[in-house]
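I looked up rings and pockets in this entry. My notes follow the structure.

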Amino acid sequence: MAIHPIEYRYGNPEMKDLWSEDYRFRCLFRVEAALARAEEELGLIPAGAADDISRAAERARPERAKEIEDEIGHDMMAVVHALAEACEEAGEWVHLGATSNDILDTATGLQIKASLSVLEEKVRWVLRVLLDRAEEHKGLVCAGRTHGQIGVPTTYGLRFAVWASEMARHLERLAQMEPRAAVGKMSGAVGTQAAFGADGMKVQARVMELLDLFEVDVSNQVVQRDRHAEMICWMGLVASTLEKICVEIRTLQRSEIGEVSEVFGKRQVGSSTMPHKRNPIKSEQVCGLARIVRAQMEPAFANIPLWDERDLTNSSCERILFPEAFIFTDHILALTARILEGLTINFEQVEINLQLLRGLNMAESVMVELAKRGVGRQKAHEIMRSASMRAVEDDRTLAEVLAGEETVAVHLSNEEIDRLLDPHQYIGTAVEQVDRLLLKLSPLLK
């Protein structure tokens, strides 16, 4: 019976496979085979043993390892015995000189490397959609908002561009972080490599070369968990950006605003009792699961201070921590990309909201022009503040109030006031900023 929602509701098959029990065992067998290969090359085990162990690694059964674990109560020794049983003659040379976490942590490194590659492609997918939408809507003027209140105009293109820039930084962080996270080691029982003798450093370097993993500089019995904590932090940052995007989509889909909407299927049901509802449930799912991803940071940090050369408190924790973090991050990346691809913009409502305050949101435009014409910035600010308050109190447009403002009339004609109150002319360099970002980030998509 399925219990965890990852089993039946969330997650993409590709990422789930990388954290499946079967793939985990295959990584463990693969690491043991690489260790044997390195040891044979260095003369630590007999010639031909590595080929025998490599063939065994292909045919060894995870089910057999689990049967042995039930008998002996040690997961890694069960893997060693299952692999040794599958060998023709070289079974006694499996795991020579290694400690459990040489194999376990290096196998985790393989899973991390494969998983980060999947996440990188998903981040690029979100980035690609955001850049496409930024270019598509770079001239679409809309109401900017601060504190939930309408401010001066902005553009949808700039809004998408801000998010795209953030996703690009996550790609940059990933490139910097991966060499610190996708690592392996062959350090022996407490980090001295004593069981490998004088060739310990050569064994470690060759194993990582065979597995195409980064090598730790030094280690005790485990790979140091600051590496993994940084990786989980990165996923927390990505999840927070996705939540930021989806919170804005949810806000803009509110009935009172109505500027955007998620795709809604022809037969989709919005509510069990309110037939008219079109809820932003996909964006809400992203926001909810982002909390789970961020929640993984606390146990990841708690795994850093282990006792002495190591203890086992990280192990049970990471069996949950790593799969959940990767699977949920991958899930919400793909979901956000699809949300953005299908996002509908209600252009008529965008314009209605832009004009909603009847010119009040353009007070800054008039204030700046008055300052330029010699009124002075502070005096111009007070003139426009006072005029804006009267417009609200008297239920008039800002243009009507300004028409009777003597100080304004000295410096601005009615035609100039009308032009300054037009929100479409007050977007500064918004379009140019989008164009610059497109030029900068487009190479990341090639």
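I began with a charge over a ring: Arg159 sits over the face of Tyr156, 4.8 Å from the ring centre. The rule asks for NZ of Lys or CZ of Arg within 6 Å of the ring centre and within 35 degrees of the ring normal.

The model is predicted, so I noted that local features need pLDDT of at least 70 and side-chain atom pairs pLDDT 80 or more, while totals for chains, interfaces and linings use all residues. Residues are numbered from 1 along each chain as its sequence is written, and side-chain values use heavy atoms, without hydrogens and water.

I then looked up the second largest pocket, with a volume of about 430 Å³. Of its 18 lining residues, Arg145, Thr146, Arg159, Glu248 and Leu252 are the closest to the centre. A pocket here is an open set of points on a 1 Å grid over the protein atoms alone where a 1.4 Å probe fits, with protein on both sides within 12 Å along at least five of seven lines; lining residues have an atom within 4 Å of a point. The volume is the space filled by probe spheres set on the points, which are joined across faces, edges and corners.

I turned to aromatic pairs (Phe, Tyr and six-membered Trp rings with centres within 6.5 Å; planes under 30 degrees apart are stacked, over 60 edge-to-face, the rest tilted). The count comes to six. Tyr10 and Phe328 pair edge-to-face, at 6.1 Å centre to centre and 65° between the planes. I found both Tyr10 and Phe328 buried (under 20% relative accessible area, with exposed over 50% and partly exposed in between; 1.4 Å probe, protein chains only). Trp19, Phe322 and Phe326 form one aromatic cluster.
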